[in-house]
Amino acid sequence: VQTLETSLENLALTQETKASIESQHTILAAIETNTSSIISALNNALLTPEARGDEADPYIVAKLDIVRDALRDGRTTDAKNILVSIGDPDGFKDQFSKFRWYTNWSTIELEEGRTKVAAEGYLRAFKFAEDNEKAAANRAHGFLLLGEAASALEACDEGLALFENSPLLWAIKIHALQILGDSEPEAGIPEDIREHDEVLFSRARVASRRKDYPLAVELLKKCSDADGGSFSTKRCLLIESLEWAVQDPIRARNFHLSAESKSALRHSVQCLEPLEQTLPQIQSDAISEEIACNVVNALWLLGEEDRAQALCTSFLPKHPCAEPLLRVRILHLAQQKDTATIRRITDDFLPDLPLPILAMIAEIAAFHGDGSWYEQILEQIEGRHSDSVLIEDIRLLKFQLEWANGYRIEAIDGLRAHLKRSPDHVMGHVVLTDLLLRDKRKEEARNQCLSYQELIEGNESIFDRVQLAELLFKLGEFESAAKHYEVVVT
């Protein structure tokens, strides 16, 4: 079982953990950016319209049916290629085929993460089929995706005047109501459609916005039973199960998952099995990265390290800057002291790497005494980040460089001088305590730890408490350490 380390060798990891506490869900931060709008209201498989039966060109109808099926299977590249091959939709003989073409194209844009373009496409498509239920729902969804909740609600009400008790329109409406501040957005849903898969999917997302992840997972399981296990539902189920698992990032990172959240996470992964076949078949780059990252995070939290590493190795060539893949892979390689592979997968991408990854490899470079490598990374961090506290923490690694290159007294003296200038620098106290311990100066380390404890007393975060517990444990103060650990894990 991995535990949080608070020594200088693991500065990047502790920095990342601090960020995760402050943002609640750093483990999913990059993923949420790609998915929060994509799954905001509707199961995307439902956005693709059926043929009406009175179209003018059977060839176009047949092609659009193939596109519909491809999108429902998540084959966005195949769908896009077919849409391109059948030509300019403005030349189609009937309006409804134009509507289907533009709707399908917009759904692809949505799946690829181009939310604004997709939303505008849905609004355009509506003009070709104003008497169609899906057109009305997609129009309302378009407004919602553009951040225009009031317009979305108005569009829902207009649609419901034509299509009474429409599950699709109610799926959008409850989102619009929630965004506009309604504390009970689901209260008006007609009883006979509450268990429709479209409504279940949307209710799950509403629950997620309330951070009621157990309910979101429960609703998605019902939705999966109702819609036959669509790819969109499985995708969302994995996201919500991860959100549930990492509600408390410290416990998650220490593998203290509740039995219920762990079971939900394992089930969500099983729904995508066999992973080694399912994941490579995903054609959308955006969705491929999202699901690969989510699956790796899930496997890591479930303790399936070997499988997580294998998937990282498979997908990093396709997604070289994906933070979760890099984090899990680099942590493993660092434990193996395999700096050559770390450099091979990161050196060419330094300008594009996420900040937590830069912090991790800066720590590794310093730990191995590689000043040139460390300076390269520090230059990247300083060039694009304005967080002075973070940069100050990363700069502490110069003392690790000195230590790693044999200048131990200089490193300790340098840290003491730094703390005279910046006595409130929390990480500086942690690092100095650790270096004193490593130099067998236990009494000095104990005094420094007491200074750290006094500094954070009354304002300690969970992150600070974990660090204090780790230092006390290393000092042999087991009873005191246990008290702080108990607060964190209970």
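This is a short tour of the structure, one selection at a time.

**Before you click**

You're looking at a predicted model, in which local features need pLDDT of at least 70 and side-chain atom pairs count only at pLDDT 80 or more, while totals for chains, interfaces and linings use all residues. Residues are numbered from 1 along each chain as its sequence is written, and side-chain values use heavy atoms, with hydrogens and water left out.

**The whole protein**

Start with a cartoon view. The protein has 28 helices and zero strands. Helices (H or I, at least four residues) and strands (E, at least two) are DSSP runs, numbered from the N terminus. Of the 490 residues, 56% are buried. Buried means under 20% relative accessible area, exposed means over 50%, and partly exposed is in between (1.4 Å probe, protein chains only). Now for contacts, meaning heavy atoms within 4.5 Å. Among those in the protein with a separation of 6 or more, 63% join residues 24 or more positions apart.

**Stop 1: helix H7**

Select residues 133-145, which form helix H7. The expected span is 1.5 Å times one less than the number of residues in the helix.

How many of the 13 residues of H7 are buried? The count is 12, so H7 is largely enclosed by the rest of the structure. Among the buried ones are Lys134, Asn138, Arg139, His141 and Phe143. To see what surrounds them, show helix H3 (58-72), helix H5 (95-111), helix H6 (115-126), helix H8 (149-162) and helix H9 (167-179), against which the buried residues of H7 pack.

Now look at the two ends. Asn132 caps the N-terminal end of H7, with a side-chain oxygen 2.9 Å from the backbone nitrogen of Lys134. That is a polar contact: a pair of N or O atoms within 3.5 Å, where, within protein, one must be able to donate a hydrogen and the other to accept it, and residues adjacent in sequence count only if both atoms are side-chain atoms. After H7 comes Gly147, whose phi is positive, near 85°.

**Stop 2: H7 against H8**

Two packed helices are described by the angle between their axes and the distance between the axes. Here the angle is about 170° and the axes of H7 and H8 are 7 Å apart. Axes are lines fitted to C-alpha atoms, for helices over the stretch in contact, and angles run from 0 to 180 degrees between N-to-C directions. H7 and H8 are therefore roughly antiparallel to each other, a label for angles over 145 degrees.

Show side chains to see who meets whom: Ala136, Arg139, Ala140, Phe143 and Leu144 in H7 face Ala149, Ser151, Ala152, Ala155, Cys156, Glu158 and Gly159 in H8.

**Stop 3: helix H5**

Move to H5. Its 17 residues should span 24 Å at 1.5 Å a residue, and its end C-alpha atoms are 24 Å apart, which agrees. At the start of H5, a side-chain oxygen of Asp94 comes within 3.3 Å of the backbone nitrogen of Phe96. Just after H5, Gly113 has a positive phi of about 90°.

**Stop 4**

Pick Gln178 in helix H9. Gln178 counts as buried at 16% relative accessibility. Not counting residues up to four places away in sequence, Gln178 touches Pro185, Val206, Arg209 and Arg210.

Next is Ser224 in helix H11 (residues 213-227), which counts as buried at 17% relative accessibility. Leaving aside neighbours within four places in sequence, Ser224 is in contact with Gly229 and Thr233.

Then jump to Ile381 in helix H21 (residues 371-384). Ile381 is buried, with a relative accessible area of 1%. Its contacts, again leaving aside neighbours within four places in sequence, are Leu355, Leu358, Ala359, Ile391 and Ile394.

**Stop 5: loops**

Finish in the loops. Where is Pro274 found? Look in the loop between helix H14 (259-270) and helix H15 (275-278). The peptide bond from Glu273 to Pro274 is cis, with omega near -5°.

Lys211 sits in the loop between helix H10 (197-209) and H11. Its phi is near 65°, a positive value in a residue other than glycine, and at 47% relative accessibility Lys211 counts as partly exposed.

Last, select Lys440, in the loop between helix H25 (426-438) and helix H26 (442-456). Phi of Lys440 is also positive, near 65°, and Lys440 counts as exposed at 74% relative accessibility.

Note on methods: Angles under 35 degrees count as roughly parallel, over 145 as roughly antiparallel, 65 to 115 as roughly perpendicular and the rest as oblique.
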